Amino acid sequence: MPEPESSVSFPPAFLWGAATSAYQIEGAVREGGRTPSIWDTFSHTPGKTAGGETGDIAVDHYHRFREDVALMAELGLKAYRFSISWPRVQPTGRGPAVQVGLDFYRRLVDELLSAGIKPAITLYHWDLPQELEDAGGWPERDTALRFAEYAQIVGEALGDRVEHWITLNEPWCSAFLGYGSGVHAPGRTEPAASLRAAHHLNLAHGLGTSALRSVMPARNSIAVSLNSSVVRPVSQDPADLAAARTIDDLANGVFHGPMLHGVYPQTLLAATKSVTDWSYVQDGDLRAIHQPLDALGLNYYTPTLVSAADPEAKGPRADGHGSSAHSPWPGADNVAFHQTPGERTEMGWTIDPSGLHELIMRYTREAPGLPLYITENGAAYDDKPDPDGRVHDPERIAYLHGHLSAVRQAITDGADVRGYYLWSLMDNFEWAYGYGKRFGAVYVDYATLERTPKSSALWYGEAARSGTLPPVEGV
Ligand code: FCB
């Protein structure tokens, strides 16, 4: 029987997952010997997060992980991407591991495995131990060496039971929002330091990958998750094309250049020369960073639209990551950012699945043979329970349907996409936005911490079970 037109089938081994990160969900920030991370310090600093909200309790996943795993299994999810809290495992960022911290993750992994859910570990999702920031943070080379040590500890502890590993999540945010615009922890606004941070994050990825390989079974897969931007110029005017080139270098080339090709793009070095001389790139660094990878993780939300700046226009930069008087784009004073047309999510991010297709095809060309995973994609909406307690979120279903269809189209067009992790499993602490932005497929009542699957969770679970996108009304 021919398939109905609206159904879109995925390869049988396709991994249908959901993603979270430690600081956004765990809470229990003072338990088990955990010390503050830069996000604890930042969120407790007045004025840094909406309403002064913190991850102190978050959604209390630390105590409720069994319930959360059971819910994922009930929904039909096949994979779960979560991150390890570095200060839970290595409170000072150096030296021996705290067993209580490692045991928490061992129990979580075992719970997932016995529920038939594949764990995927992210080693660094932004929660640097505060002690390492006090010693200089990512702009300092030593932080990369510390990361490699931490990666080895976690690899030794969990490498026997976890196949999927991701070194860093979105190093762009760590470097440029953390040390450039200052809207993320540690909140520094130092353009030169943001580029030093980017280099040392690259080095951390390379050294961390080698450290993992030295202690883990060869069958395990090591990847990195980049928030590779889809940068579009407003016109084909040479000045607009040059602006797009600069932002593409600062968003993408600065990471995938060294990681995938062993070089920083010449155009990036030229665009940033008034900010830094890159003298901290030592002999051998590029070789250390350029490690063979088993997969590449792509996080995608919305495209970025740019033009050459009107030299008269001054003021805060709006680029989708919160606004700050300080730019997260060092050296790019000649670039202006624009709102892409079309419908938007609660974050103000334009919904454009064609960007996801474009991104996948780009990396299919640039990294031939490297399997791809969409390690984050999703949308925030102002979800509220109905009087009957149910949470209906048709906008999120439409968003997921559109983006998963783009993934399916890319597979048809020859891309090797092996899986998709919805951001996020459940509502959680959305960084500087606090709890106001709900990205979850599962609704969390922050007063009771009760979890309720939204209709999108049921829809997505059905897709995961059947390997086919269930039809969506009006699509
Ligand atoms: C990504 C982050 C993730 C979440 C989503 C909305 O940049 O990796 O933690 O905040 O955005």
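Author: Start with a word we will need. Contact means heavy atoms within 4.5 Å. Helices (H or I, at least four residues) and strands (E, at least two) are DSSP runs, numbered from the N terminus. Axes are lines fitted to C-alpha atoms, for helices over the stretch in contact, and angles run from 0 to 180 degrees between N-to-C directions. Now the case here: helix H10 (residues 238-261) lies across S6, S8 and S9 and runs at about 130° to S8.

Reader: What kind of model is this, and how are residues numbered?

Author: This is a predicted model: local features need pLDDT of at least 70, side-chain atom pairs count only at pLDDT 80 or more, and totals for chains, interfaces and linings use all residues. Residues are numbered from 1 along each chain as its sequence is written, and side-chain values use heavy atoms, with hydrogens and water left out.

Reader: Back to the strands. In what order do S6, S8 and S9 lie in the sheet?

Author: Pairing first. Two strands pair if DSSP finds at least two bridges between them. Here the order is S6-S8-S9, in an open sheet of three strands with mixed pairing. Strand S6 (231-233) and strand S9 (335-338) stand at the edges. Each has a single partner strand, so one side of each is left without a neighbour in the sheet. From one strand to the next, the twist averages 40°.

Reader: In which sense do S8 and S9 pair?

Author: Antiparallel, over four bridges; S8 covers residues 304-308.

Reader: Is Asp240 buried or exposed?

Author: The cut-offs come first. Buried means under 20% relative accessible area, exposed over 50%, partly exposed in between (1.4 Å probe, protein chains only). Asp240 lies in helix H10. Its relative accessibility is 10%, so Asp240 counts as buried. Leave aside neighbours within four places in sequence, and Asp240 is in contact with Pro233, Val234, Ser235, Ser307 and Ala308.

Reader: Now the backbone. Which peptide bonds are cis?

Author: Look at omega. The bond from Ala185 to Pro186 is cis, with omega near 5°. Pro186 sits in the loop between helix H8 (171-181) and helix H9 (191-215). The bond from Trp423 to Ser424 is also cis, with omega near 10°. Ser424 is in the loop between strand S11 (417-423) and strand S12 (442-444).

Reader: What is the phi of Trp126, and of Trp431?

Author: Phi of Trp126 is near 85°, a positive value in a residue other than glycine. Trp126 lies in the loop between strand S3 (118-124) and helix H6 (130-134). Trp126 is buried, at 6% relative accessible area. Phi of Trp431 is near 50°, again positive in a residue other than glycine. Trp431 is found in the loop between S11 and S12. Trp431 is buried too, at 4%.

Reader: Which residues surround the ligand?

Author: A residue is near a molecule if one of its heavy atoms lies within 4 Å of it. The ligand is surrounded by Gln24, His125, Trp126, Asn169, Glu170, Tyr301, Glu376, Trp423, Glu430, Trp431 and Phe439.

Reader: How far is an oxygen atom of the ligand from the side chain of Asn169?

Author: A polar contact is a pair of N or O atoms within 3.5 Å. An N or O atom in the side chain of Asn169 is 2.9 Å from a ligand oxygen atom. For Glu376, the distance to a ligand oxygen is 2.9 Å, again from a side-chain N or O atom. A polar side-chain atom of Glu430 lies 2.8 Å from an oxygen atom of the ligand.

Key
Polar contact = N/O pair within 3.5 Å; in protein donor to acceptor, adjacent residues only side chain to side chain.
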